[in-house]
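Please read these notes with the model open beside you.

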Amino acid sequence: MAIQIFSVLALISALGAIIFRHRGQKRWYYIFKPLTTIFILSVGGMVYYTHESIYALIILGSLVFALAGDILLMKDKTFRQGIYAFMIAQAGFAMGFMS
């Protein structure tokens, strides 16, 4: 049941991020964008807890890098580090899906 709740919270948070981005409300967007990833990461953690596997662990680690990328891309001076974090996340997702 918790997985479904956090999935719905991720959806609501993502919609909030989209709406606030569209309205130009950066402060709220900067809250909801990483919050969405945190909810998705929580779902991944719950899946890993119930079904331990190398696949779930790799995806979970990749989601951590995706969260770091979300946060780092918010500031111009950490943009490059944000791109690197997303590159690592994407490589991790690819490795997880190939495992």
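1. Leaving aside neighbours within four places in sequence, which residues is Thr37 in contact with? They are Leu63, Ala66, Leu67 and Asp70, where contact means heavy atoms within 4.5 Å. Thr37 itself lies in helix H2. Thr37 counts as buried because its relative accessibility is 10%; buried means under 20% relative accessible area, exposed over 50%, and partly exposed in between, with a 1.4 Å probe and protein chains only.

2. A word on the source. This is a predicted model, in which local features need pLDDT of at least 70 and side-chain atom pairs count only at pLDDT 80 or more, while totals for chains, interfaces and linings use all residues. Residues are numbered from 1 along each chain as its sequence is written, and side-chain values use heavy atoms, with hydrogens and water left out.

3. The overall layout is brief to state. Helices (H or I, at least four residues) and strands (E, at least two) are DSSP runs, numbered from the N terminus. The C-alpha trace spans about 40 × 35 × 15 Å along its principal axes. Of the 99 residues, 32% are buried. Among contacts with a separation of 6 or more, 51% are between residues 24 or more positions apart.

4. How many salt bridges does a search of the whole structure find? There is one, formed by Lys33 and Asp70, whose closest N and O atoms are 3.3 Å apart. The pair links distant parts of the chain, with Lys33 in helix H2 (residues 26-50) and Asp70 in helix H3, 37 residues apart. A salt bridge here is a side-chain nitrogen of Lys or Arg within 4 Å of a carboxyl oxygen of Asp or Glu. Side chains of opposite charge can pair when their charged atoms come close. Lys33 counts as partly exposed because its relative accessibility is 29%, whereas Asp70, at 7%, counts as buried.

5. Is Ser62 buried or exposed? Ser62 counts as buried, because its relative accessibility is 3%. Ser62 sits in helix H3 (residues 54-72). Not counting residues up to four places away in sequence, Ser62 touches Ala89, Gly92 and Phe93.

6. Now the surface. The protein exposes about 6,800 Å², and carbon and sulfur atoms supply 72% of that area. Accessible areas come from the Shrake-Rupley method with a 1.4 Å probe; for residues, only the protein chains shown count as cover. Met1, Ile5, Val8, Leu9 and Ile12 make a nonpolar surface patch of about 500 Å². Patches are made of residues with over 30% relative accessible area and no salt bridge; like charges are joined within 9 Å, and nonpolar side chains (Val, Leu, Ile, Met, Phe, Trp, Tyr) within 5 Å. Met1 lies in the segment before helix H1 (2-23) and is exposed, with a relative accessible area of 76%.

7. Which residues form the positive surface patch? They are Arg21, Lys26, Lys75 and Lys77. Lys and Arg count as positive and Asp and Glu as negative, while His and the chain ends are not counted; the place of a charge is taken as NZ of Lys, CZ of Arg, CG of Asp or CD of Glu. Lys77 lies in the loop between H3 and helix H4 (79-98), and is exposed at a relative accessible area of 75%.
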